Amino acid sequence: MAAPIESLLNEICESEDPIEELKSLRTAVLATPVSGLRQAVSGARLEIIFGLLNTNDKEQIEVCVEILSRVLQALEPIQLAQNYKTALQSGLNHPNDSVKMLTLTQIGRVAGHADGVTQMLNSAEILRDVIQCISVERIDVAKEAIAALSKLSNTKAGLDALFRSDLLNKLKDVMLTSDIIRYRVYELIVELSTVSPVSLGYCANSGLISQMLEELTGDDVLVRATAIEMVTSLAQSQHGRQYLAQQGIMDKISNMIIIFGAHNYLKLKTYLKEGPYYINAVSSVTTEGAD
């Protein structure tokens with residue numbers, strides 16, 4: 001199958017309107033097991049396909065994304081980081097969310113690989129763009145960005161990069177976008193904090209956990225309820241519970257639920273069951289008995 005794929009790439013390169021050739025290539029790569037694709041794409045000019053993403057033709061973008069989603073699985077994460085860094089950065093800034101999803105998925109693969117992490121840590125601009133993707137309207141794009149940053153932060157070097165560099169300022173800047181985006185960042189912080197006492201220490205020293213805890217006493221009852229959800233997630237780990245107890249937060253939450261009323265709190269949990277992304281959508285809901 002290596003020869004047909006290479007032949008199709010040549011045809012695509014020579015065509016002014018390559019959509020039919022792209023569809024043929026899609027059929028070829030989907031029909032080839034990933035193990036077989038490793039040999040087929042070794043040294044293949046995949047930059048041709050990446051380049052064809054630069055169009056307003058949605059069908060062409062869709063076909064290219066399908067091809068790349070399949071083909072890139074055959075590459076080792078370190079190959080991606082070394083050979084396609086420019087293409088990955090372009091993908092993060094592409095106006096089409098499907099391209100962003102493809103790119104973030106691949107960056108997540110790289111970030112979860114021991115050698116790939118080093119490559120990512122040397123690519124500050126890519127990491128800044130990943131953080132920016134947290135503010136994308138489409139939720140699954142934001143979640144993929146959060147997942148990639150979470151994998152990156154499984155190492156001390158990754159934690160240093162995120163919390164002891166300009167990336168922390170980028171994270172704080174993104175939080176200013178809206179209430180929804182601020183809580184997406186809190187989700188990342190909580191996810192990192194639950195991994196280990198060390199990661200919790202980084203998150204606490206950043207000031208972002210304290211900022212999240214201050215949300216518990218805000219004026220917006222729905223924001224307060226969402227903050228409780230975040231804190232509850234943090235309390236899932238033993239070191240998280242110990243930290244919250246030291247801050248006196250567990251008693252504060254208990255008192256809030258008593259004052260607020262368990263019935264109303266459960267109503268809010270129902271409204272917020274999709275997570276912290278729908279605050280604006282339900283902010284007009286009047287909750288009986290709420291302050």
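A salt bridge here is a side-chain nitrogen of Lys or Arg within 4 Å of a carboxyl oxygen of Asp or Glu. The model is a predicted one. A search of the whole structure turns up nine such bridges.

Start with Lys-23 and Glu-59. Their side chains meet in a salt bridge, with an N to O distance of 2.9 Å. This pair links distant parts of the chain. Lys-23 sits in helix α2, which covers residues 19–30, and Glu-59 sits in helix α5, which covers residues 58–71. The two are 36 residues apart.

Now move to Arg-26 and Glu-66. Their side chains form a salt bridge, at 2.9 Å from N to O. Again the partners come from distant parts of the chain, Arg-26 from helix α2 and Glu-66 from helix α5. Here the separation is 40 residues. Glu-66 has 30% relative accessibility and therefore counts as partly exposed.

Lys-156 and Asp-160 give a local case. The closest N and O atoms of this salt bridge are 3.0 Å apart. Both residues lie in helix α12, residues 156–163. They are four residues apart, about one turn of the helix. Lys-156 reaches 52% relative accessibility, so it counts as exposed. Asp-160 has a relative accessible area of 21% and is partly exposed. The cut-offs matter for both residues, because buried means under 20% and exposed means over 50%.

How many cavities of 30 Å³ or more does the structure hold? There are three. Consider the second largest cavity, with about 40 Å³ of space. Its lining is made up of Phe-50, Leu-53, Leu-72, Ala-87, Leu-88, Gly-91, Val-99, Leu-102 and Thr-103. By residue class, the lining has seven nonpolar residues, two polar ones and no charged ones.

Helix α8 also holds Gln-106. This residue has 4% relative accessibility, so it counts as buried. What does Gln-106 touch, leaving aside neighbours within four places in sequence? Its contacts are Leu-72, Leu-80 and Leu-88. Leu-72 and Leu-88 also belong to the lining of the second largest cavity.

The largest nonpolar core has 93 residues. Which members touch the most other members of this core? They are Leu-25, Ile-49, Val-130, Ile-134, Phe-163 and Leu-213. By element, helix α14, residues 179–193, gives the largest share of this core, nine residues.

Take Phe-163 as one example from this core. Setting aside neighbours within four places in sequence, Phe-163 is in contact with Leu-168, Ile-189, Leu-192, Tyr-202, Cys-203 and Ser-206. Phe-163 also falls within the residue range of helix α12, 156–163. That is the helix of the Lys-156 and Asp-160 pair.

How values were computed: Residues numbered from 1 in each chain as written. Predicted model: local features only at pLDDT ≥ 70, side-chain atom pairs only at ≥ 80, totals over all residues. Heavy atoms only, no water. Buried < 20%, exposed > 50% of the residue type's maximum accessible area, 1.4 Å probe, protein only. 1 Å grid on protein atoms, 1.4 Å probe; cavity = no way out; pocket = protein on both sides within 12 Å on 5 of 7 lines; lining within 4 Å. Points joined across faces, edges and corners; volume = space filled by probe spheres on them. Nonpolar A, V, L, I, M, F, W, Y, C, P; charged D, E, K, R; others polar. Core = buried A, V, L, I, M, F, W, Y, C linked by side-chain atoms within 4.5 Å. Contact = heavy atoms within 4.5 Å.
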